[in-house]
Structures are given as structure tokens and as C-alpha cells.
Amino acid sequence: MSALPGLSWRLLRGGGRRNMLGAALTAVAVAVSTALLLFAVSANLAFQGRGDREAWRNPVPAQGGAVAVQAVRTDYVREERITVVELAALSPDAPPPPGLERFPAPGEVWLSPALAELARRLPADQRAARFAGKGGGTVGDEALIHPGELVAVRGWAPDAAVFAVRDGRETDGPREGVAPTRISDFTGKPSFDAQGYQALALIASVLMVVPLLVFGGAAARLTVARRDQRLAALRLVGATGGQVVAMTAAEAVITASAGAVAGALLYGLLIPPLTRIEIGGGPWFAADLWPGVPYTLAVLAAVPLLVGLSAVVGLRRVVVSPLGVAKRETPPAMRFVRVVALLAVLAVVPALSAGTGAGVIAVVLGLAFLSINLAGPWVVGVIGRVTARTARGPARLLAGRRLVDDPRSAWRTVSGVALTGFVAGFMLLLSPTADMLGESDASRLRITVPAERAAALTGQARERLAEAGVPAGVEVTGKGEERTLVVALAGGRDAGEVQAGRGTRGASGDAQGSASGGDGGAAAAQVDAALADRARTALDGLVPGRSATSEADEDRFGLVLIGDIGTGTLVVLVVSFLVAVVSAGITAVSSVLDRRQTYALLRLAGTPLRVLDRARRAETLIPLAVMGGGSIAVGVFCALPFAVTSVNTRGLVTLLACVVLGFAGVIGAGAASAPVLRSVTENPAPRPD
Amino acid sequence: MTAVVLEGSGLVKRFGPTVALAGAGLAIGRGEAVAIMGPSGSGKSTLLHCLAGIMKPDEGEVHLLGQRIDTMGERERSALRRTRFGFVFQFGQLLPELPADENVALPLMLGGMSRGDAVRRAREWFGPLGLGGMEERRPGELSGGQAQRVAIARALVTRPAVVFADEPTGALDQATGHDTMRLLVEATRGNDASLVVVTHDPQVARWCGRTVEVRDGRILTGAGV
């Protein structure tokens, strides 16, 4: 048994050009799979990392002795969110918050690098004056969600007015502000937003990983298909089943290991461009996308093992009988139970809802994916029978019979694109557009004020705005203990840019008017950003611990989220397409190599190459059209319980692009294998005798 | 004198340093059955491939019914193989995916005949060749002898001028081999086609009217019609 690995290696090396080509194709497939698998793993870790880094701003109230008091609020500058963390030490033992070298002293302001840079660029009356104080230092990366995040940490005395804010409302975390909280450390807890992003990342990973596994399995089978004959010969000369299995596994694992290492290197090279993908308002730290040594090693070990396992499963025929490969009989029809499995999973889908846990959704999606993969060969078999029955010419007849003969292999060629159809269909109803947010008003800044101080604060606000030269109307609305002070900015007058959505009656008048048109994306531009920033700066500190924000500011997270879903969809689709097209190309080439004897004999008997090409195209495109369409429909069905939108233009364009790219990719992959077909049929009788 | 259907003259074919044919020449008459014999490596299969337009000889000429075919392009030679020649090999020439009748009908469909007509014409061959009832079986479900008879039907269905057979009984037992050769020779003659059989088995050669001996790429005996 000990000589087997050596023999496997010699067989792999000595297999001739075509075998080496086959091994290279498998290695490429495994490399692409590994790189994308690492990406899928890293994406989850990256979102988890962001959640962990943000957690300190989502404080947990101290159970015992508190060492500090912390409040968080959100401010805006240039249509971007600034997270302002207010801190005061209650004890000299207060630990430094993450990213800061020490606990900020009263009066100190620490800025994140991006905010510090912005402070340098913008006039003081638009930003810098808001965070006036003694410069404490720079907030380190370990406290930031992303490199471009705007964060300010201010130190106060414990009795400062910012901590006297009365705020009983429940919030979703730092984004909506956190009322003053006494804390014993900075552990905090992941915010609701961070958990949401992690759930979405998990679902996206499932959508990416399932096709990857299918693809990896297919690649392994390819190796086996070419080895069939040789291994059957080994059985004939007396190799035991175990030896054949061991040799096959060894050969597949050697090839896959090379591919996996190449894939890890490829992923390493991809990290810098991948960090530029903006999600959650900013790009990534390179460290976020590096999965770490343990995970990388786990992937590097798991991929070759899976490929080896898949190869062994594919070898059963040879092991059962040394003649198993040579005999070709009518294959038993695929069992309908495959479709029953799909129907069973689909029956569960209506029971899901937007409130269902992400884990359950991920499992159901994964099962739907796998059951499409299970039902695929059955459907291909049916398509084959229909195609063969209705064929008039030789090309369609050959294609149809081939589909009936080996529906699994035909499915492997199109499964990638068909599964991408599922993703595109799923995303069709989950791609919200900015229109859904409606029109939001950027020209009215609002601050919550205590009722008893409303009149006084209105006056102060008018004075501050007049001093800053900001033309605006100020009024108080609402009832009860908390009122809203509304500042209606005279839109864009001094910048001469975009006009305000709502007009004002004058400095003392009531703001009224109608919102201008345009979608949510343009809403923030209803008023000149510089004017709004001057107003915010002028109003800073009017009510300590509270910021002046507009409706458009509050919708900004929604816009970012919508953009992120779009980006996420695009990333998942790009990954799926990469997998699909590479998979189609590799299986097409491999299919030619596997059937070279048949093709050579057909050529020898005078079959024109164009007939062979047409047959090959038909045996791919016919199942692709049916299964692609079916998968899109299943995807849409699976998305129905979570539909956030009706079918919209963007979703339709994405879907259409997927269909066009899918067909183009598969046709291109087939065309790329045409030279291989020519080469293997070039000399149909190469024997010199 | 029998009219010459196919003639090769001065054929030379090299594979690297190996000379497979060294100036071989051979003429086949109409309706004639010719056996090409010789030991392994003598060049008999290469001779068949050059005569059948599968390979281009490095030197020499091949004529079919007076028309030179060795200078034709691949597309024309391919069309020629489809319409004027038929082939029977040792094994593996049937498409495993297709049932027997469609395997036989395939060359007709490639020639433009409708599927219905092609299958109908193909099935006419099954009875005379003792294949009645096996029309819808796939190659894997046929015995070796049955598969060779399907291959014979496929070779003859286009009514070719010449049928080439390379070790047609090589994978069969003696009795089945005899049976297959008898059918091959009779069916070919019945269709007014010529037959060229490459074999190393004298029993097989005995079915043919003439035997050509090949050694070291040269014809030793039986070159003329």
C-alpha cells in the first residue's frame, strides 16, 4: 500500500498532455473555488469584526460599580454620519476605550483619521467648530467600523450637561443614539445593525458557497472520468478495490491541494481590490478580509479532502466491476424523488417570514439550492427525452440522446448558471430602491427640546443662526414634555445650488410649502450641504447631547442599506457568474476529452465538425433555457415571504443582465472548448499500424 | 476485367522517424472483397486509412472512381467518407447514447434525410442481418456479434462504393466471427460495394476474393485487380 502514493504521482505526471490538461483544469477549478470560499468565509468574519469593533459604542449598563458614563449621538456633516461618543470617567480606574491610548480627559476631543482629515478640509463654521476642544489624539482602527468612518470621542466631567439628557426612548443602537449610560467596561454588545449585516452576509455566503461546492464536486468527477479507463485496467491486472480508491483519492488530493494553495494565493492577491467594496458606508480594512491562519488552513485542508471524497464517490462504477466502464447500457431513469425533495423544500418556503431567524432562512435557502441541484439531472433527463423525440436533424438527436444518456454530466455544465438564475430570481424581489423611502426633507433640521425651555431655546437658535449668517426660520412643534425645534433652512440661497424642498415665510415665520420631487437619493441635495453644515455647527451644543438632524439625515441609513443590498447582490452575482462560467468552460473541455473516442469515430465516419459543435451547443443551451428559467422562478418563489418590493426596474435589469450574461458565458465557454474538439478529432486514426 | 473503384499508388507515410508505408500501391475492383494481411506494425491499417481518406499520405496518390482524393481538403474528404465509404471497426464505433436503429440512421441524417425516412430505411437492414427486434436496443445491450452487425448495417446504409473493415472480428469468438464475416461479405456484394478488410487472421482473409500481403510498408503480393 505504501507504494501507492508514488505510483499515483507517476501516473499523474506520466499521463500525457491530455491528462495533464485535465489535471490542470481540475486544479484551476479548485483554485477558483478555494479563492471564492475564502472570500465567503472572510465576508462573515469581516462583518463579525465590524460588529465587535462597534460594540463598545453600544454600552451595557453596569451591574456593579460603574467606572464611566457614556452617551452616543449621531451628527452629520456633508451628508455623512458622524458618531459622537461622550465619555466621562467616574473613577480613576476607568480603562481607555478601544482605539484610544488613554481615557479622554474632560475637554479633550479625539477624532478618527477620516474625521480629522475632513476637519482640515472644511471651513471651521461647517464642522470644526462643532468639536472644539483640546486635541486628544487619533481614534485607532480597532475602534472603527471601517477606515473612512467619522468618529469623535469627547471627554467631559461627569456632571456635564451632555449627560443630563432625558431620553427614555428605545433605540437600535449607536446609530440612533444611546442615552447616558453608566458602564463598568467597554465590552458593549453588537448593535442591531451589525447583527443585521451579519445575517445578510450569512445568507449571501450560502448563495455563494452552495454553487461552489457543486462546482468543486463536479471538478473532482472530471478527474475521475478521465481516469476511469486506466483504473479499470488496474483492476483487471489485480489491483484491489481499496488500492484503486486510494490511488484515485491520492491523485485527486494531489491535484486539488495544488489548486487550493493557488486559490489561497489568488485570494491573497484579491484582498486589496476587495477592500474597496463599500458596504455599510465605507470600505474595509485589509485585515478584515484576511480570514486568519486557522480558517485558511481549515479551508486548505477541507477543499482537497472534499475533492478526494467526491472523486471516490465518482469511482464506484470502476470499483464495482473492472468492466463497468466499458459497458454502456440504457441508464435507469432518474428517480422522481429528486423532484419531490425540491417540492418538499418549496412547501416550507411560505411558512417563512421576514421575522424568521437568519439561520433558518439560510438553511432553507441552502436546502432549496441543493434540491434544485438534485432535481436538475431529472429535469435534464426529461428535456433530453423530449428533445430526442422531437429531433429532426442529427445534431438535436445527438444532443437529446446524450442528455438522456448522462443527465448528470449535462447538468454539471449548466448547473452553475442555473443556480445563478436562482440567486438572481431571489434578489429580484429583495432589491429595494431609493424610491421606497419616498421623499425626505433635507431643509428642515430638528432638535428635541424640553418643553419648559422651548421658547428660550427658539430664541437662542435664531440668534446663533443669525450670527452664523444662516438664513432660516425657527419654530417649535409638538406637545408634551418634549417638543421639536424645527429650523427651516432657506434652501441653497447663498450657495446658489439646489433649491430647498420647502420654502419658508421668513426668519420668524412658520415653515411650510411642499416637498420637491426626486427620489430619496437626491433628497439630501434639496438644500446646499454647506449651508446645512453651517446651521448644524451653529446649533451645536444648543441642547447638550443632542444634534440637529433632518428627515433626510435619518433616511440616510436606509439609503446606505439599500446601496449595500445592491452591492451585496452584485457581489454574489459576480461570484456566481465567475463560478458558473468557469464551471461551464471546464466541464465543456472535460466533456470533449472524456468523449474523444466517440467524437473521433464520428469524424472518421464523415460527420462534419459543425454538426458536432451544433450538437454540443444544443445539449447545453436547451437544458440551460429550461433550468435557468425554472431556477429563476424558484428563486422568486423563495423570496416571496421576504419581498420588500414589487418587481422593479433595477431588479428586472439585473435579472435580464444575468440571463444575457449566462447564455453568453455558456456559449463562450462552449466556443472556448471548440479548439479542443478540433484537436482531439484532427487525426482520428493516429495509430501507425 | 473488373473496373477499378479505388486505387492507391506509391503511397508513403511517415510517423516521425518511423516509416509506416514505403511506396505501397493497391487497386480495388467493383464488388471485390480484398483482405489486407500482415503482422503488427507492417503498415496495413495505415494503408487502409490512406485509401479511406482518413489520412493524407506524404507521397503517392489515391483515386476513387478516377477522381484524386488525397489532395482534397478535410471538409471534402469528410463528405466523401460520409457518402462514398462505409466503416466497420473492431469495437467502439457505435454511439453508446443512440439506440441501434438511430446508430444506423445517423449517416443518412447527416446526409440531409429526414429522421423518419432515415430510421425507416435503417430498420430495413435489421431483418436481413438477423437483428429483428433489436432496433431500440442500445449498444451496451447488444452482444459483440450483434453490435458488429449493426455496424455493418450502418456502413452499408448509405450504399457506399467501398466498405473498409479494420479487424472486424477481432473482438469476437471464432463462430461469431465467421458469422459476421459471412454477413459482411454477402451484404457488401449484395449492394455492389467493394470491401477492404484489414486482418491478421487467415480465417477472416479466406472470406475475401483476394489477399494482399503487407510487410514493412510495402505490398508483397496481390497488389493488382
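1. Starting in chain B: V34(B) has V196(B) as its bridge partner in β8(B). The two strands involved, β3 (residues 33–37) and β8 (residues 194–199) of chain B, pair in the parallel sense over 5 bridges. Pairing here requires at least two DSSP bridges between the strands, and the elements themselves are DSSP runs numbered from the N terminus, with helices being H or I of at least four residues and strands E of at least two.

2. A word on the model before going on. It is predicted, so local features need pLDDT of at least 70 and side-chain atom pairs count only at pLDDT 80 or more, while totals for chains, interfaces and linings use all residues. Residues are numbered from 1 along each chain as its sequence is written, with chains lettered from A and ligands numbered from 1 in the order in which they are written.

3. Back to that pair of strands and the sheet around it. The order is β6-β7-β8-β3-β9-β10 in chain B, an open sheet of 6 strands with mixed pairing. Each of β6 (85–88) and β10 (218–221) of chain B has a single partner strand, so these two form the edges and one side of each is left without a neighbour in the sheet. On average, neighbouring strands of this sheet are turned by 25 degrees against each other, direction ignored.

4. Two helices lie across this sheet. Helix α5 (residues 144–156) of chain B covers β6 and β7 (162–166) of chain B and runs at about 170 degrees to β6(B). Helix α6 (residues 174–190) of chain B lies across β3, β6, β7 and β8 of chain B, at about 155 degrees to β8(B). For such angles, axes are lines fitted to C-alpha atoms (for helices, over the stretch in contact), and values run from 0 to 180 degrees between N-to-C directions.

5. Chain B also has an open sheet of 4 strands, ordered β2-β1-β4-β5, with antiparallel pairing. At its edges stand β2 and β5 (67–68) of chain B, each with a single partner strand, so one side of each has no neighbour in the sheet. β1 (residues 4–15) and β2 (residues 18–29) of chain B are joined over 9 antiparallel bridges; V12(B) is partnered by A22(B) in β2(B), and F15(B) stands opposite T18(B) in β2(B). The hairpin of β1(B) and β2(B) has 2 residues between the strands, and G16(B) there takes a positive phi near 65 degrees. β1(B) also pairs with β4 (residues 59–64) of chain B, antiparallel over 5 bridges, with H63(B) in β4(B) as the bridge partner of E7(B).

6. Now chain A, which has 19 helices and 10 strands. Of its 689 residues, 49% count as buried, meaning 20 or more other C-beta atoms within 10 Å of the residue's own, against 12 or fewer for exposed and partly exposed in between, with C-beta atoms placed from the backbone. Among contacts in chain A with a separation of 6 or more, 83% come from residues 24 or more positions apart; a contact here means C-beta atoms, placed from the backbone, within 7 Å.

7. Helix α17 (residues 609–639) of chain A is worth a look, and L621(A) sits in it. L621(A) counts as partly exposed because it has 17 C-beta neighbours inside 10 Å. Its C-alpha atom is 9.9 Å from that of T413(A), 208 residues away along the chain.

8. Helix α9 (residues 358–390) of chain A packs on α17(A) at about 150 degrees, with the axes 10 Å apart. That makes the two roughly antiparallel (over 145 degrees; under 35 is roughly parallel, 65 to 115 roughly perpendicular, the rest oblique). Residues that meet include L365(A), I372(A) and V379(A) from α9(A), and V626(A), G630(A) and V634(A) from α17(A). By class, this contact of α9(A) with α17(A) has 12 nonpolar, 4 polar and no charged residues. The classes are Ala, Val, Leu, Ile, Met, Phe, Trp, Tyr, Cys and Pro as nonpolar, Asp, Glu, Lys and Arg as charged, and the others, Gly among them, as polar.

9. α10(A) packs on α17(A) too, at about 50 degrees and with axes 8 Å apart, which makes α10(A) oblique to α17(A). The contact of α10(A) with α17(A) divides into 10 nonpolar, no polar and 4 charged residues.

10. Lastly, the interface: 26 residues of chain A are in contact with 32 residues of chain B. α10 (394–405) and α16 (596–604) of chain A each supply at least two residues of the chain A side, with α10(A) giving the largest share, 5 residues.
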